[in-house]
Amino acid sequence: MKQKNELTTAEHIEAFGAPDEEKLFEMAELFKVFADSTRIRILYAMFDHEMNVSQICDKVDVNISAASHQLRLLKQSKLVKCRREGRKAYYMLADDHVKTIIGMAKEHIEED
C-alpha cells in the first residue's frame with residue numbers, strides 16, 4: 001500500500017523529470033545483472049533465508065567457483081549482502097526491492 005507521501009514511478013517522473021544519464025546508465029547496468037538465469041536462481045534461493053556458499057551450490061546446482069563468481073557480481077550490484085561468522089560467509093538479499101524486481105518480472109512474463 002502506498003504511503004501518504006510516496007509517489008508512484010509515473011508521478012515521480014512527472015514531478016521531477018526522467019533520471020539523468022548517469023542514473024539511466026546505472027539502471028541499465030542493474031538490469032544486466034538480471035540477465036543471467038544462474039544469478040536469478042541464486043537470488044530465488046535466498047528469498048526466505050540467508051545461505052552460505054555450500055548451501056547455495058547445493059540448492060542451485062553449481063560449483064563453488066561459479067557460485068562465488070556470481071555472488072561477487074550480485075554483491076557489487078548491491079543485490080545481496082554478506083555477513084561473516086568465523087570462516088563462513090552467509091549471503092542474503094540486500095533488501096525487499098530485490099524480491100519486488102523479481103516478482104514484477106515474473107508477473108510481467110506470465111501476463112497473457
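A: Before anything else, a contact here means heavy atoms within 4.5 Å. Please also keep in mind that this is a predicted model.

Q: OK, and with that, what share of the contacts with a separation of 6 or more comes from residues 24 or more positions apart?

A: Such pairs account for 48% of the contacts in the protein with a separation of 6 or more.

Q: What does the secondary structure come to, and in which order do the elements run?

A: There are six helices and three strands in the protein, and from the N terminus on the order is α-α-α-β-α-α-β-β-α.

Q: What about dimensions and surface?

A: Taken along the principal axes, the C-alpha atoms fill a box of roughly 50 × 35 × 30 Å. The accessible surface comes to about 8,600 Å², with 53% of that belonging to carbon and sulfur atoms, and buried residues make up 26% of the 112 residues.

Q: How far apart are the mean positions of the positive and negative charges?

A: The protein has 17 positive and 20 negative charges, and their mean positions are 9 Å apart.

Q: Which residues is Gln-70 in contact with, leaving aside its neighbours within four places in sequence?

A: Those are Asp-36, Thr-38, Arg-39 and Ile-42.

Q: Let's follow Asp-36, then. Where is it found?

A: Asp-36 is in the loop between helix H2 (21-33) and helix H3 (37-45). With a relative accessible area of 23%, Asp-36 is partly exposed, whereas Gln-70, its contact partner, is buried.

Q: Which backbone nitrogen does the side chain of Asp-36 reach?

A: The side chain of Asp-36 reaches the backbone nitrogen of Arg-39 at 3.0 Å, and Arg-39 is also among the residues in contact with Gln-70.

Q: Last topic, helix H6: how many residues does it have, and what does it span?

A: Helix H6 (residues 96-109) has 14 residues and reaches 20 Å from its first C-alpha to its last, close to the 20 Å expected at 1.5 Å a residue.

Q: And what happens at the start of H6?

A: There, a side-chain oxygen of Asp-95 comes to within 2.9 Å of the backbone nitrogen of His-97.

Methods:
Residues are numbered from 1 along each chain as its sequence is written. This is a predicted model: local features need pLDDT of at least 70, side-chain atom pairs count only at pLDDT 80 or more; totals for chains, interfaces and linings use all residues. Side-chain values use heavy atoms; hydrogens and water are left out. Helices (H or I, at least four residues) and strands (E, at least two) are DSSP runs, numbered from the N terminus. The expected span of a helix is 1.5 Å times one less than its number of residues. A polar contact is a pair of N or O atoms within 3.5 Å; within protein, one must be able to donate a hydrogen and the other to accept it, and residues adjacent in sequence count only if both atoms are side-chain atoms. Buried means under 20% relative accessible area, exposed over 50%, partly exposed in between (1.4 Å probe, protein chains only). Accessible areas come from the Shrake-Rupley method with a 1.4 Å probe; for residues, only the protein chains shown count as cover. Lys and Arg count as positive and Asp and Glu as negative; His and the chain ends are not counted. The place of a charge is taken as NZ of Lys, CZ of Arg, CG of Asp or CD of Glu.
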